[in-house]
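Work through the exercises below with the structure open beside you, and try each task before reading its solution.

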Amino acid sequence: MSRINRLIQKEVSDLFRIQTQSMPGTLISVTVSPDLSIARVRLSIFPSERGEELLESIRANAKTIRYDLGLRVGKQLRKLPELTFFIDDSLDYLERIDTLLGLHDK
């Protein structure tokens with residue numbers, strides 16, 4: 001299961017890396033849950049102001065992303081999990097806590 005998780009994470013990350021080359025200043029990191037039927041892809045999007053806009057676009061293209069992922073890992077997996085996409089705002093949350101505690105300059 002860990003091997004499959006790493007494989008999906010690597011390939012989805014690579015797909016996004018290729019896509020975001022045309023969007024300077026955009027960074028997307030991917031983490032995938034260990035569930036084999038559904039891959040919950042959590043995206044850290046920088047700058048966070050563009051997060052919702054990019055998430056909508058990604059969700060609209062979820063079938064294409066899954067198809068492209070299937071082309072990459074089809075021989076290694078018997079069943080390709082459904083992909084669901086979420087914003088991982090944990091870094092924004094940590095930055096806010098730091099700001100409130102006075103540990104981070106504004």
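**Exercise 1.** Determine where E11 lies in this predicted model, and decide whether E11 is buried or exposed.

*Solution.* Begin with the secondary structure: E11 belongs to helix α1, which covers residues 2-20. Next, take the relative accessibility of E11, which is 10%. Because a residue counts as buried under 20% relative accessible area, E11 is to be classed as buried.

**Exercise 2.** Find which residues E11 is in contact with, once its neighbours within four places in sequence are left aside, and describe the salt bridges that E11 forms.

*Solution.* With those neighbours set aside, the contacts of E11 are L69, R72 and V73. Turning to R72, the side chains of E11 and R72 meet in a salt bridge with an N to O distance of 2.7 Å. This pair links distant parts of the chain, since E11 sits in helix α1 and R72 in helix α3, 61 residues apart. R72 has a relative accessibility of 29% and therefore counts as partly exposed. A salt bridge also joins E11 to K10, where the closest N and O atoms are 3.2 Å apart; K10, at 53% relative accessibility, counts as exposed.

**Exercise 3.** Identify which residues have the most contacts inside the largest nonpolar core, and which residues form a nonpolar patch on the surface with L101.

*Solution.* The largest nonpolar core has 22 residues, and F16, V41, L43, L69 and F85 are those with the most contacts inside it. At least two residues of this core come from each of α1, β1 (27-32), β2 (38-46), α2 (51-60), α3 (62-73) and β3 (82-87), and α1 gives the most, with five residues. On the surface, Y93, I97 and L103 form a nonpolar patch together with L101, and the accessible area of the four together is about 450 Å². L101 itself is found in helix α4 (residues 90-101) and, at 59% relative accessibility, counts as exposed.

Notes: Residues numbered from 1 in each chain as written. Predicted model: local features only at pLDDT ≥ 70, side-chain atom pairs only at ≥ 80, totals over all residues. Heavy atoms only, no water. Helix = DSSP H or I, 4+ residues; strand = E, 2+ residues; numbered from the N terminus. Buried < 20%, exposed > 50% of the residue type's maximum accessible area, 1.4 Å probe, protein only. Contact = heavy atoms within 4.5 Å. Patch = residues over 30% accessible without salt bridge, like charges linked within 9 Å, V, L, I, M, F, W, Y side chains within 5 Å. Areas by Shrake-Rupley, 256 points an atom, 1.4 Å probe, with all protein chains shown as cover. Core = buried A, V, L, I, M, F, W, Y, C linked by side-chain atoms within 4.5 Å.
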